[in-house]
Amino acid sequence: MTSNEKLKVLKALLDSLSFRDLTLTLDLLVTGAVVYFYASSLVMATAEQLASGVWISQLLVKVVGVSIALSIVSQLLLELVSDGEVDQPMDEREKQVSLVGNKYALWTLQAGVCFAIGQYAFEQNGMGFAERAPLPFFTLHIMVGAFLLAELVNYATQLIRNRMVTRYG
Amino acid sequence: MAGEMTQKELAERVGVTRQTIMAIEAAKYSPSLEVAFKIAQVFGKPLEAVFQYSGSRTEL
């Protein structure tokens with residue numbers, strides 16, 4: 001494929017993107033960045049930090065801060081590129097797609113919470129693998145992870161549903 | 001679609017997004033009665049002249 005053809009493909013892709021797609025893509029990227037920040041902080045932390053409740057609390061506050069800052073930046077970007085579309089409400093199909101995304105996000109969150117409850121119960125009773133949890137405060141990390149994963153699932157599901165329509169259009 | 005009208009123009013007149021019009025055309029989305037009537041109204045045709053029920057399942 002020549003560079004000219006690649007440009008045409010890119011232009012066709014950008015033309016087919018709705019404002020909702022753009023919003024969802026940015027939300028997905030922001031959530032991905034928050035996941036990266038959280039995961040990399042855990043990976044780079046020392047054993048003492050991971051075992052410290054104060055350090056974990058500070059990390060969670062930082063995660064919320066990063067999330068808010070990135071959301072503000074993405075909303076400002078959307079406001080800049082939009083032609084008044086930011087203020088327009090979703091239409092009936094977009095609302096349904098949003099509900100489908102919310103449904104899968106809820107399932108993900110419920111699965112994560114159930115896993116966390118199970119982990120906590122096993123840990124408290126000194127049973128099974130829970131005794132060999134890979135991290136201190138593992139139950140908390142499961143719940144934070146489930147929350148972030150649910151957000152990713154929500155945005156990804158909506159994007160996929162919207163793109164399926166565009167592809168067949 | 002009905003001569004010269006673009007998907008964008010139809011979407012604006014009906015009050016939905018262009019992607020929704022594309023989805024309806026591709027039988028990937030069944031519109032509400034309200035939107036179906038609005039589309040028929042834009043074309044100046046009765047509902048049954050614009051939409052036909054084929055019995056096949058449409059996906060969102």
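What percentage of the 169 residues of chain A count as buried? The share is 18%, where a residue is buried if 20 or more other C-beta atoms lie within 10 Å of its own, exposed if 12 or fewer, and partly exposed in between, with C-beta atoms placed from the backbone. The legends below describe a predicted model, in which local features need pLDDT of at least 70 and side-chain atom pairs count only at pLDDT 80 or more, while totals for chains, interfaces and linings use all residues. Residues are numbered from 1 along each chain as its sequence is written, and chains are lettered from A and ligands numbered from 1 in the order in which they are written.

**Figure 1. Overall form of chain A.** Chain A contains 6 helices and 0 strands, in the order α-α-α-α-α-α from the N terminus on. Helices (H or I, at least four residues) and strands (E, at least two) are DSSP runs, numbered from the N terminus. The C-alpha trace of chain A spans about 60 × 40 × 30 Å along its principal axes. Its radius of gyration is 20 Å, whereas a compact globule of 169 residues would have a value near 15 Å; the radius is taken over C-alpha atoms, and the globule rule is 2.2 Å times the number of residues to the power 0.38. Of the contacts in chain A between residues at least 6 apart in sequence, 83% join residues at least 24 apart. Two residues are in contact if their C-beta atoms, placed from the backbone, lie within 7 Å.

**Figure 2. The side of chain A that touches chain B.** Here 15 residues of chain A are in contact with 14 residues of chain B. Helix 5 (92-124) and helix 6 (138-168) of chain A are the elements that give two or more residues to this side of chain A. Helix 5 of chain A supplies the largest share, 6 residues. By class, the side of chain A that touches chain B has 4 nonpolar, 5 polar and 6 charged residues. In this classification Ala, Val, Leu, Ile, Met, Phe, Trp, Tyr, Cys and Pro count as nonpolar, Asp, Glu, Lys and Arg as charged, and the others, Gly among them, as polar.

**Figure 3. Surroundings of Q158(A).** Q158(A) is found in helix 6 of chain A and is buried, because 25 other C-beta atoms lie within 10 Å. Leaving aside neighbours within four places in sequence, Q158(A) is in contact with L24(A), V97(A), S98(A) and G101(A). Q158(A) and L24(A) are 134 residues apart in sequence, yet 7.5 Å apart in space, C-alpha to C-alpha.

**Figure 4. Nonpolar cores.** A nonpolar core is a set of buried Ala, Val, Leu, Ile, Met, Phe, Trp, Tyr and Cys residues joined through C-beta atoms within 7 Å. The largest has 10 residues, including L10(B), I21(B), Y29(B) and I39(B). Helix 1 (7-14), helix 2 (18-25) and helix 3 (33-43) of chain B are the elements that give two or more residues to this core, and the largest share, 4 residues, comes from helix 2 of chain B. A second, separate core of 5 residues includes V30(A), V34(A), Y38(A) and V144(A).

**Figure 5. Helix 1 and helix 2 of chain B.** Chain B has 4 helices and 0 strands. The axes of helix 1 and helix 2 of chain B come within 8 Å and cross at roughly 105°; axes are lines fitted to C-alpha atoms, for helices over the stretch in contact, and angles run from 0 to 180 degrees between N-to-C directions. The two helices of chain B, helix 1 and helix 2, are therefore roughly perpendicular to each other, a term for angles of 65 to 115 degrees, while those under 35 count as roughly parallel, those over 145 as roughly antiparallel and the rest as oblique. Q7(B), K8(B), L10(B) and A11(B) in helix 1 of chain B meet R18(B), T20(B), I21(B) and M22(B) in helix 2 of chain B. The residues of this contact divide into 4 nonpolar, 2 polar and 2 charged. Helix 2 of chain B is mostly covered, with 6 of its 8 residues buried.

**Figure 6. Positive phi in two loops.** F137(A), in the loop between helix 5 and helix 6 of chain A, has a positive phi of about 55° although it is not a glycine. F137(A) is partly exposed, with 17 other C-beta atoms within 10 Å. In chain B, A27(B) lies in the loop between helix 2 and helix 3, and its phi is near 55°. A27(B) is partly exposed, with 13 other C-beta atoms within 10 Å.
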